[in-house]
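Trainee: Could we go through the inside of this protein together, one question at a time?

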Amino acid sequence: MTGEFERRHGFPPGANEVRPANRDDQTAARVLAQASLIPTDLVTFYDSIGDVTWADVGNGYFLDPASDVLLRLQEYGAVDIGADQKDHGLVIGSDGGGLSYVAGPDGSVHRTRTASLDEPELDKVADDLRQLLELLERSLTRFVVDGEPGSL
């Protein structure tokens with residue numbers, strides 16, 4: 001399988017995993033919950049899942065560990081989302097091509113249009129984390145079947 005992957009894509013396979021949460025992940029999620037910016041379903045997610053790394057699906061799909069989300073919040077603050085820029089979200093991952101996924105306080109997930117988080121333009125990609133995970137699963141399935149990751 002490794003030879004087929006490398007022949008098809010021009011590079012060897014990388015890490016592709018869903019890592020279970022450890023105590024550090026769970027502690028970081030609880031600290032994020034205290035900041036009142038993190039949706040409840042994301043706290044629940046981080047109680048079981050440490051992070052998602054699918055480096056070989058298109059440019060890659062990544063849902064960051066809670067500790068990275070917390071560090072980014074502490075260093076750079078929350079991301080302005082919404083038409084009036086009054087809501088604030090957390091960067092929770094990326095598509096591996098420079099675009100970031102931002103979770104809003106209502107649970108919706110948005111993707112940046114550019115790599116910059118300074119005055120970002122965002123498109124809503126999912127109503128909640130569950131829908132985002134379903135879209136990621138479809139992208140993975142499509143990639144396994146025909147080598148195309150979709151446009152998530």
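The talk below turns to a core, an aromatic pair and a helix contact.

Mentor: Please keep in mind that this is a predicted model, in which local features need pLDDT of at least 70, side-chain atom pairs count only at pLDDT 80 or more, and totals for chains, interfaces and linings use all residues. Residues are numbered from 1 along each chain as its sequence is written, and side-chain values use heavy atoms, with hydrogens and water left out.

Trainee: How many residues are in the largest nonpolar core?

Mentor: A nonpolar core is a set of buried (under 20% relative accessible area, 1.4 Å probe, protein chains only) Ala, Val, Leu, Ile, Met, Phe, Trp, Tyr and Cys residues joined through side-chain atoms within 4.5 Å. Leu32, Leu42, Tyr46, Leu90, Ile92 and Leu132 touch the most other members of the largest one, whose residues number 29.

Trainee: What is the angle between the planes of Phe45 and Tyr46?

Mentor: Rings of Phe, Tyr and Trp (its six-membered ring) pair if their centres lie within 6.5 Å, and planes over 60 degrees apart count as edge-to-face. Phe45 and Tyr46 form such an edge-to-face pair, 5.4 Å centre to centre, and the angle between the planes is 65°.

Trainee: How are α3 and α5 oriented to each other?

Mentor: Helices are DSSP runs (H or I, at least four residues), numbered from the N terminus. The axes, lines fitted to C-alpha atoms over the stretch in contact, come within 9 Å for α3 (residues 40–48) and α5 (residues 129–146) and cross at roughly 55°. Angles under 35 degrees count as roughly parallel, over 145 as roughly antiparallel, 65 to 115 as roughly perpendicular and the rest as oblique; α3 and α5 are therefore oblique.

Trainee: Which residues of α5 make the contact with α3?

Mentor: Contact means heavy atoms within 4.5 Å. From α3 come Asp41, Leu42 and Phe45, and from α5 come Leu129, Arg130 and Leu133.

Technical notes: Buried < 20%, exposed > 50% of the residue type's maximum accessible area, 1.4 Å probe, protein only. Phe/Tyr/Trp six-rings, centres within 6.5 Å; stacked < 30°, edge-to-face > 60°. Axes fitted to C-alpha atoms, helices over the stretch in contact; angles between N-to-C directions. Helix = DSSP H or I, 4+ residues; strand = E, 2+ residues; numbered from the N terminus.
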